[in-house]
Each structure stands twice: as C-alpha cells, then as structure tokens.
Amino acid sequence: MDYRNWAQTPDNFPGKYGTLFMKFIESRQVHRNVTDATVVWYCSSWKAFRECVAKATDERELRQQLWDGITAIGKRGTGPVTINTYIRCLQAFVNWLLELEYIERRIKLPPDYLVASATPSRLWLRSLAPRICSYSVDL
C-alpha cells in the first residue's frame with residue numbers, strides 16, 4: 001500500500017480530528033521531512049484509533065475517546081508494545097494540536113509502563129525505572 005497517497009485521501013480521516021491528523025502528517029512531511037516509514041507509522045496508528053477519534057467533536061471528547069481507544073485496542077488483543085507505539089504517535093499528534101492551538105489544554109496519554117499487560121511485579125519494576133532497565137523480570 002502506498003501510504004503517502006493513503007495519507008492524502010480524506011475518506012481515510014473522518015471527523016474534525018481526522019482532518020487535523022491529515023494536516024499533522026502534511027506538516028511533518030514538509031517541516032520535519034519525515035521518512036516514508038514514519039508516514040506508515042502515522043497511518044497505522046491512525047487506523048487503530050480512527051473509529052474512536054472520529055466520534056470526537058471537541059477537546060474533551062477527544063481526550064475521552066483516546067483513552068477509551070487505548071482500552072478497546074488492548075481488549076481486542078493488541079500487544080502492549082504495539083499499543084505503546086500507537087500512543088507515542090498519538091502523543092505527538094496531540095502535542096502538535098496544542099502547539100498550534102487547536103486544543104487549549106495538554107492531553108497526556110498514559111506512559112508505556114501503564115499499558116503493558118504484565119504481572120503486577122513486572123509493572124512495579126517498570127514503574128520504578130522505566131528508562132534504566134530495558135528488560136523486565138517476573139518476581
């Protein structure tokens with residue numbers, strides 16, 4: 001699939017925030033010269049959350065739909081690493097929205113260690129030192 005063309009097709013980006021996500025991708029291509037791989041990442045992240053985010057009409061609903069989307073994606077069996085990847089992309093998007101004043105308040109999505117589907121001891125270890133330790137151990 002040619003994601004550069006996919007990213008320029010409005011039907012793939014429904015709703016108010018879908019239109020803004022298209023602008024986000026375009027802005028990143030022009031101002032940051034992102035690679036094709038990054039455009040693929042943006043598109044795959046959008047596709048995962050499209051149904052949730054398309055429902056949002058204002059900032060409050062967007063915040064709620066993003067959090068609900070994270071829960072829904074986790075429930076359908078998507079792995080924690082994939083969810084964390086989507087979250088990083090969407091966090092970049094909402095930061096861009098704030099920077100350009102499309103939203104008034106920062107939307108903080110959960111950090112990686114809160115999304116991981118793991119044992120409580122693994123979550124505890126990751127919450128203590130999320131960047132120091134690149135692996136986790138079951139206790």
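**Reading burial, core and salt bridges**

Modeller: Leu97 counts as buried because its relative accessibility is 0%; buried means under 20% relative accessible area, exposed over 50%, and partly exposed in between, with a 1.4 Å probe and protein chains only. This is a predicted model, in which local features need pLDDT of at least 70 and side-chain atom pairs count only at pLDDT 80 or more, while totals for chains, interfaces and linings use all residues. Residues are numbered from 1 along each chain as its sequence is written, and side-chain values use heavy atoms, with hydrogens and water left out.

Colleague: Where is Leu97 placed, and which residues does Leu97 touch?

Modeller: Helices (H or I, at least four residues) and strands (E, at least two) are DSSP runs, numbered from the N terminus. Leu97 lies in helix α5. A contact means heavy atoms within 4.5 Å. Not counting residues up to four places away in sequence, Leu97 touches Tyr17, Leu20, Leu62, Tyr102 and Ile103. Leu97 and Phe24 are 73 residues apart in sequence, yet 8.3 Å apart in space, C-alpha to C-alpha.

Colleague: How many residues has the largest nonpolar core, and which have the most contacts inside it?

Modeller: In soluble globular proteins, nonpolar side chains tend to be buried together. A nonpolar core is a set of buried Ala, Val, Leu, Ile, Met, Phe, Trp, Tyr and Cys residues joined through side-chain atoms within 4.5 Å. Here the largest has 35 residues, and Phe21, Phe49, Leu66 and Leu97 have the most contacts inside it. Helices α2 (15-31), α3 (36-53), α4 (59-75) and α5 (80-99) each supply at least two residues of this core, and the largest share, 10 residues, comes from α5. Leaving aside residues up to four places away in sequence, Phe49 touches Leu66, Gly69, Ile70, Ile73, Tyr86 and Leu90.

Colleague: How many helices and strands does the protein chain have?

Modeller: The protein chain has 7 helices and 0 strands. Of its 139 residues, 40% count as buried.

Colleague: How many salt bridges does the structure hold?

Modeller: A salt bridge is a side-chain nitrogen of Lys or Arg within 4 Å of a carboxyl oxygen of Asp or Glu. The structure holds 2. One joins the side chains of Glu59 and Arg63 (3.9 Å, N to O). These two residues are separated by about one helical turn because they are 4 residues apart in helix α4, and both are buried. Another joins the side chains of Glu51 and Arg50 (4.0 Å, N to O). Glu51 is exposed, with a relative accessible area of 59%.
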